[in-house]
Amino acid sequence: MNDTHRTPHRRLPAFITRFSAYLADIKIPSRAVFIVIGVLSTVWFLVRVLPKPSRASYPCMRAAYPFMSGLFVYVLGLAATLLAFARSRNGFMNAKYFAATTFLSIALASAIFTLTNDAEPVYADSTAVLAPNTSVGIARGIYPGRVVWIHDPKSTNENCTNVFGDGWFMDKNTDGAVVAVMVADAVTQVAGGATVREAWDALFRDFNGRHGRRGAGYADGEKIFIRTNQVSASTGTYNAQTFEILNQKRYGMAETSPHVVLALLRQLVNECGVKQQNISLGDPMKHMYKHVYDLLHNEFPDVVYLDADAKLGRTKPVSTALPAIYYSDRGRIMKTGGTTGNPTNSDYLPTAITEAAYIIAVPAMKAHARAGVTLCGKLHFGSNLRGSATHLHGGLVSPDKVSTRTGYGVYRVQVDLMG
């Protein structure tokens, strides 16, 4: 689940990021940008944290802290440099050459460190491939770092051919009852609850607790967006009048299982009491096949089902009025129309995402020809409303299937998307 609340205390870090990008775009010297952003971050941190110290753990405070501490270290180093130069000057004037030389050395070292030193990038492992089961980063979650794997071979038909008329996603090839048990086991095991309702309540409370809403569970009226993968559903893959899937080269592509989504809806609506109209789901840039829509809509008719065409009961995504995501690459690598196109600085997103209190990602765990294995990292490629995600491909490992951008310390657009 990703937090997308636009509460006041989260707006300033976003403003700082956009303001710094604006200053960079109009060619303001980087050191001046650093000082301005550092001052703004310091003021914001003090205004928020002094009245209530517990706010120091808020995401916006963690975002402001590096700018504030960086400015502090810079000012401290500059002050130390000036003081050492002054002491050295006095030493030479009073013929105290040893002391003068010592202070001069300190001043030079401090000046070099303050004015030229940049923090080295921290990589997951800059020298070797990580060993199996080696953790990277800080564990998160209700039980930090816990990962639950559920496997039951009875859930699918091992004799499925996955040719037209015998797709893996069909009822005859998936046992919905087994899938429902698997999804329930996954939720209860990851959250430690005895029941599905208790498990979801624990997940909501833990999530809200880490985002400034201590002790709060799901509140009536809060919106939930379920992000699925329906990447194959594009022009030419379905009947435009019925939305039935056609016999084409993308038939049977690995995507989010509709039976998993159905099990998830049953949990949220039937066991947790979430109203159907407060749930939206889909792949915003794509369409929703008839077999997916019918399976879900027949049981949950008031859920909002997103589709780029908005036909036959489906809902067209509505764009935000302003860009909802700004890429830290700032168009250096990612460009519209290829490497010579216009820089890609930002994207608009559907309000179904930006107005949601919670986002539940249900991706298809698969490899990608240009991105490798990203798990949930690439799921939001289709969340923008351009009608295509080609402008983001420059931020992948192999953006054009020929050249590669492998190794560490290279911009990856998935980081921005997940953030």
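## A right-handed β-α-β unit

Strand β1 (residues 224-228), helix α7 (residues 258-271) and strand β2 (residues 279-282) together make a right-handed β-α-β unit; right-handed here means that, with the strands pointing away from the viewer, the path from the first strand over the helix to the second runs clockwise. Helices (H or I, at least four residues) and strands (E, at least two) are DSSP runs, numbered from the N terminus. This is a predicted model, in which local features need pLDDT of at least 70 and side-chain atom pairs count only at pLDDT 80 or more, while totals for chains, interfaces and linings use all residues. Residues are numbered from 1 along each chain as its sequence is written, and side-chain values use heavy atoms, with hydrogens and water left out.

Helix α7 lies across β1, β2, β3 and β8, and runs at about 175 degrees to β2. For such angles, axes are lines fitted to C-alpha atoms, for helices over the stretch in contact, and the values run from 0 to 180 degrees between N-to-C directions.

## The protein as a whole

The protein has 10 helices and 10 strands, and of its 419 residues 41% count as buried. Buried means under 20% relative accessible area and exposed means over 50%, with partly exposed in between (1.4 Å probe, protein chains only). Among the contacts with a separation of 6 or more, 65% are accounted for by residues 24 or more positions apart, where contact means heavy atoms within 4.5 Å.

## The open sheet

An open sheet is formed by 4 strands in the order β3-β2-β1-β8, and the pairing is parallel. Its edge strands are β3 (304-305) and β8, each of which pairs on one side only. Two strands are taken to pair if DSSP finds at least two bridges between them.

On one side, β1 pairs with β2 in the parallel sense over 4 bridges, with Phe-225 opposite Ser-280 and Ile-226 opposite Leu-281. With strand β8 (residues 358-362), β1 pairs in the parallel sense over 5 bridges; in this pairing Ile-224 stands opposite Tyr-358, and Arg-227 stands opposite Ala-361.

## Burial of β1 and β8

Strand β1 is largely enclosed by the rest of the structure, because 5 of its 5 residues are buried. Ile-224, Ile-226 and Thr-228 point one way from the strand, whereas Phe-225 and Arg-227 point the other way, and all are buried. Strand β8 is likewise largely enclosed by the rest of the structure, since 4 of its 5 residues are buried.

Thr-228, which lies in strand β1, counts as buried at 7% relative accessibility. Leaving aside its neighbours within four places in sequence, Thr-228 is in contact with Thr-256, Val-261, Gly-282, Asp-283, Val-362 and Leu-379.

## Helix α6

Helix α6 (residues 196-209) has 14 residues, which at 1.5 Å a residue should span 20 Å, and its end C-alpha atoms are 20 Å apart, which agrees. The expected span of a helix is 1.5 Å times one less than its number of residues.

The buried residues of α6 are Val-196, Ala-199, Trp-200, Leu-203, Phe-204, Asp-206, Phe-207, Asn-208 and Gly-209. An α-helix has 3.6 residues a turn, so residues three or four places apart point the same way. The buried residues of α6 pack against α5 (176-191), β1, α7 and β8.

## Cysteines

The structure holds 0 disulfides, a disulfide being a pair of cysteine sulfur atoms within 2.5 Å. Cys-160 is partly exposed, with a relative accessible area of 22%, whereas Cys-272 counts as buried at 16% relative accessibility.

## Positive phi in two loops

Most residues other than glycine have a negative phi, and most peptide bonds are trans. Asn-162, a residue other than glycine, has a positive phi near 60 degrees; Asn-162 lies in the loop between α4 (97-116) and α5, and is partly exposed, with a relative accessible area of 28%.

Ala-310 also has a positive phi, of about 55 degrees, although it is not a glycine. Ala-310 is placed in the loop between β3 and β4 (325-326), and at 31% relative accessibility Ala-310 counts as partly exposed.
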